[in-house]
Amino acid sequence: MRVHLVNPSDLSFGLAVITPRWLFVLAAATPERFGDPVIVDETLDRLDPETLAPGDVCGIGIHTGNALRGYEIGRIAHARGAIVVYGGIHATLFPDEVLEHGAAHAVVSGDGDQIWQTVLTDIEAGTLQPRYDGGRVAGTRFQPARWDLLPNGRYMWASVQTVRGCPKHCSFCSVWRTDGQAPRHRTATSVVSEIVELRRRGFRFIALADDNFYPVSLQDLAQAARLKDPTRLRDLERQRADRFELMAQLAQLPADTVFFTQITMEAAEDPEFLDAMREAHIKGALVGVESVTPEGLKAVYKNFNLAGAALAERLRAFRERGVHVLGSFIFGLPTDHPGTFDATEALARDARLTFAQFVMLTPFPGTIDFEKWERSFQGDAPSVDGIPITRHWLIPADRRPKYYMPHPTMTPDEVRERTQRVWDGFYSTRHVWERSRCVLSIRARLAFVLVSKLYRQMYANTGISTDSARRSSSMRWARWLSRPCRRLFAGTPMPDLQVPEPRPVVRAGIPVEFRV
Ligand code: SF4
């Protein structure tokens with residue numbers, strides 16, 4: 001009985017940007033007696049069904065975007081006599097659907113870190129249950145990944161998680177519901193040990209794959225102080241101290257290490273935190289800007305962001321403290337109008353964003369937006385090939401509408417075309433070359449251009465385009481660009497690198513006015 005772990009994907013690029021961490025975490029959670037799992041990441045290569053034998057276990061992790069391909073793999077594996085087990089966010093949200101469409105023997109909801117070995121033990125004993133709940137595992141019990149199983153030379157960035165959960169509640173996001181609003185922090189030593197292993201293997205660029213690297217803002221502290229809530233205040237202080245302790249340890253890693261993470265924009269008001277990030281080699285962060293107008297921010301429950309000129313200034317604060325920003329914007333909000341597109345592109349440039357992504361508002365399950373949208377049809381949603389659009393992920397990709405949220409004044413095509421034009425403008429060669437001034441040498445500037453073009457090919461054209469010729473052409477470009485890009489990210493293996501001794505944190509990290 002071999003264990004196979006499969007990350008489904010409709011698109012295979014041969015190389016991938018970031019390691020899908022869950023594959024290597026579940027490999028670590030697989031007890032030794034089952035042998036090393038066979039890892040299949042379809043963003044690299046398609047699964048070869050011939051590798052599946054009767055009695056094997058096929059673990060498939062799905063999110064909404066790859067659920068349909070995941071179900072196809074499950075049916076193939078089932079037909080070959082394998083035992084099919086699903087997990088992941090989508091399986092957590094729709095366990096019945098997975099049983100119905102994915103030929104599943106079992107579905108796991110919640111975190112897989114601890115429950116996976118129970119599932120395997122039950123399979124071994126012939127007592128497999130149809131449902132398992134992995135719950136929300138405490139940060140101290142997160143599994144470190146099995147990086148020894150990584151294929152050589154196929155990924156540009158490794159990924160390590162430092163915290164799960166996010167205390168915010170944005171309407172388009174399911175993270176705070178699936179991973180919870182109470183952040184669960186991993187210990188600094190466990191995070192740094194994994195990073196040292198990655199550096200020994202030659203990874204220099206590492207994504208801190210966290211829901212929100214900045215889970216405690218200065219406003220949160222101020223509010224707890226104002227409410228005279230010492231328990232809450234102490235909890236926030238402890239969390240903040242944990243972040244600073246982690247960053248102090250990251251700062252001891254080799255100077256050429258580069259981390260990238262995701263944070264909320266409030267971090268711009270916290271220069272002490274930004275300075276600690278810079279010293280910790282966190283050189284870039286995805287910041288969810290979402291909308292450039294106050295009405296748009298209200299529409300997505302993100303009032304804690306700023307709008308207009310104050311927004312550009314706040315975003316520039318990251319760059320001024322040495323943290324590059326990948327700004328993320330949403331188009332198609334009910335408050336958007338044709339002028340919003342140009343205004344957003346202009347703001348992205350004015351705010352000195354290093355990269356930007358422009359996504360169309362899509363109702364993803366598990367979100368408040370999805371629930372409202374589904375309710376709006378009162379059980380009578382239009383369908384494609386008999387599948388209601390409220391289950392859009394079950395519609396084959398070539399028939400699937402690309403844009404679902406009705407807009408009060410713009411047609412779906414108008415939103416899509418305007419969104420594509422913003423990508424084209426922001427990533428035009430002229431603007432990319434101007435932005436490349438953020439690095440010094442000509443070689444580095446050329447590398448910056450290459451990476452920008454790859455990013456745009458991978459995420460804009462393949463994601464937004466409805467035209468299959470354009471999608472195929474983008475795939476070819478992305479494959480072609482990804483090879484030189486991978487070489488740019490490769491580091492020299494450091495087999496002798498040791499885990500640094502924990503150092504006392506110099507900064508307390510707690511502004512004095514918030515102390516109890
Ligand atoms: S979008 Fe970001 S800040 Fe908002 S809930 Fe999701 S993870 Fe948290």
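**Sheets, helices and a ligand shell in a predicted model**

Good morning. The model is predicted, so to speak of local features a pLDDT of at least 70 is needed, side-chain atom pairs count only at pLDDT 80 or more, and totals for chains, interfaces and linings use all residues. Residues are numbered from 1 along each chain as its sequence is written, and side-chain values use heavy atoms, with hydrogens and water left out.

That pair belongs to the pairing of strand 12 with strand 13 (residues 282-290), which is parallel and has five bridges. Two strands count as paired if DSSP finds at least two bridges between them. Strand 12 (residues 258-263) is also joined to strand 11 (residues 205-208) by three bridges, again running parallel. There, Phe205 stands opposite Val258.

Strand 1 (residues 3-7) and strand 3 run parallel, joined by four bridges, and Asn7 stands opposite Asp41 in strand 3.

Contact means heavy atoms within 4.5 Å; axes are lines fitted to C-alpha atoms, for helices over the stretch in contact, and angles run from 0 to 180 degrees between N-to-C directions.

Next, a helix pair. The axes of helix 8 (residues 218-226) and helix 9 (residues 230-250) come within 9 Å and cross at roughly 155°. Helix 8 is therefore roughly antiparallel to helix 9, a term for angles over 145 degrees. Helix 8 contributes Leu218, Asp220, Leu221, Ala224 and Ala225 to the contact, and helix 9 contributes Arg232, Leu233, Leu236, Glu237 and Arg240.

Finally, which residues surround the ligand? They are Cys166, Lys168, Cys170, Phe172, Cys173, Trp176, Asp211 and Thr264, where near means that a heavy atom of the residue lies within 4 Å. By class, this shell has five nonpolar, one polar and two charged residues. Ala, Val, Leu, Ile, Met, Phe, Trp, Tyr, Cys and Pro count as nonpolar, Asp, Glu, Lys and Arg as charged, and the others, Gly among them, as polar.

Key: Helices (H or I, at least four residues) and strands (E, at least two) are DSSP runs, numbered from the N terminus. Angles under 35 degrees count as roughly parallel, over 145 as roughly antiparallel, 65 to 115 as roughly perpendicular and the rest as oblique.
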